[in-house]
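Subject: Structure for you to look at

Hello,

Here is the structure I promised to pass on. Please open it alongside this note. My findings follow below.

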Amino acid sequence: MDIDKLSQLKHINKEIEIIREQIRNIDVNTTTDSVKGSSPTFPYTMHNIKIKGIDIEEYNTKVKRLKIKLSDRIKKLIDATEEAYNFIGNVEDSEMRQILTLRYINNLTWQQIAFKMGTCGDGSTERKKHDRFMNVSRSSRKKMV
């Protein structure tokens, strides 16, 4: 897991939200046709009557296909989110887990992170700890390969 993947968490969560909204707001395509009918009273004159509706079979087929595609995308996004949560959860140092959680899961700024963790300042200390951790983590993974 690297900083680029962790940074995507905010965007992944937003994309999941957008896709779920798309599923809720699937557009209904209406179709228009006309039929012949007569007036209900004498002299029963024939005339055209416009009708509107949806082709329910076509609509249901399209909706099912779209929902499957969107659901598959959500599953992939959730898998990426779970990978990030697992990475953060496996960090041994409690302070670093807090920094990573507040930064990538709660989407806080460095200054907000410093405040949440009870330190004064602009968050530069937390940012530097984060950067050192990510660099060490990255270099140790390269050694494994």
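Two strands are taken as paired if DSSP finds at least two bridges between them. Please keep in mind that this is a predicted model.

The strand pair

Strand 1 (residues 31-38) and strand 2 run antiparallel and are joined by 8 bridges. How many of the 8 residues of strand 2 (residues 46-53) are buried? The number is 0, so strand 2 lies largely in the open. Buried here means under 20% relative accessible area.

The loop between the strands

P43 sits in the loop between strand 1 and strand 2. The peptide bond leading from F42 to P43 is cis, with omega near 25°. Y44 belongs to the loop between strand 1 and strand 2 as well. Phi of Y44 is positive, near 50°, and Y44 is not a glycine. Most residues other than glycine have a negative phi, and most peptide bonds are trans. Both spots therefore deserve a look against that background. Y44 has a relative accessible area of 47%, so it counts as partly exposed.

Helix 3 and what follows

Helix 3 has 12 residues. Its span from first C-alpha to last is 15 Å, close to the 16 Å expected at 1.5 Å a residue. Which residues of helix 3 are buried? They are M96, I99, L100, L102, Y104 and I105.

N107 follows helix 3. It lies in the loop between helix 3 and helix 4 (110-116). N107 is not a glycine, yet its phi is positive, about 55°. Its relative accessibility is 36%, so N107 counts as partly exposed. Beyond residues up to four places away in sequence, N107 touches K10 and L102. From N107 to T125 the sequence separation is 18 residues, and the C-alpha to C-alpha distance is 17 Å.

H130

Is H130 buried or exposed? H130 has a relative accessible area of 1%, so it is buried. This histidine lies in helix 5 (residues 124-144). Setting aside neighbours within four places in sequence, H130 contacts I3, M96, I99, L100, Y104 and W110. Among the buried residues of helix 3 are M96, I99, L100 and Y104, and H130 is in contact with each of these.

The largest pocket

Rolling a probe the size of a water molecule over the atoms shows where empty space is left. The largest pocket holds about 190 Å³ of space. Its lining has 13 residues, and S7, K10, R103, Y104 and N107 lie nearest the centre. Helix 1 (3-24) and helix 3 (94-105) are the elements that give two or more residues to this lining. Which of the elements gives the largest share? Helix 1 does, with 6 residues. By class, the lining has 6 nonpolar, 5 polar and 2 charged residues.

Several names come back here. N107 lies among the residues nearest the pocket centre and touches K10, which is also in that central group. Y104 is another of the residues nearest the centre. Y104 is buried in helix 3 and is in contact with H130.

Where to start

Best wishes

Terms used. Residues are numbered from 1 along each chain as its sequence is written. This is a predicted model: local features need pLDDT of at least 70, side-chain atom pairs count only at pLDDT 80 or more; totals for chains, interfaces and linings use all residues. Side-chain values use heavy atoms; hydrogens and water are left out. On a 1 Å grid over the protein atoms alone, a cavity is a set of points where a 1.4 Å probe fits but cannot get out, and a pocket is an open set with protein on both sides within 12 Å along at least five of seven lines; lining residues have an atom within 4 Å of a point. Grid points are joined across faces, edges and corners, and a volume is the space filled by probe spheres set on the points. Helices (H or I, at least four residues) and strands (E, at least two) are DSSP runs, numbered from the N terminus. Ala, Val, Leu, Ile, Met, Phe, Trp, Tyr, Cys and Pro count as nonpolar, Asp, Glu, Lys and Arg as charged, and the others, Gly among them, as polar. Buried means under 20% relative accessible area, exposed over 50%, partly exposed in between (1.4 Å probe, protein chains only). Contact means heavy atoms within 4.5 Å. The expected span of a helix is 1.5 Å times one less than its number of residues.
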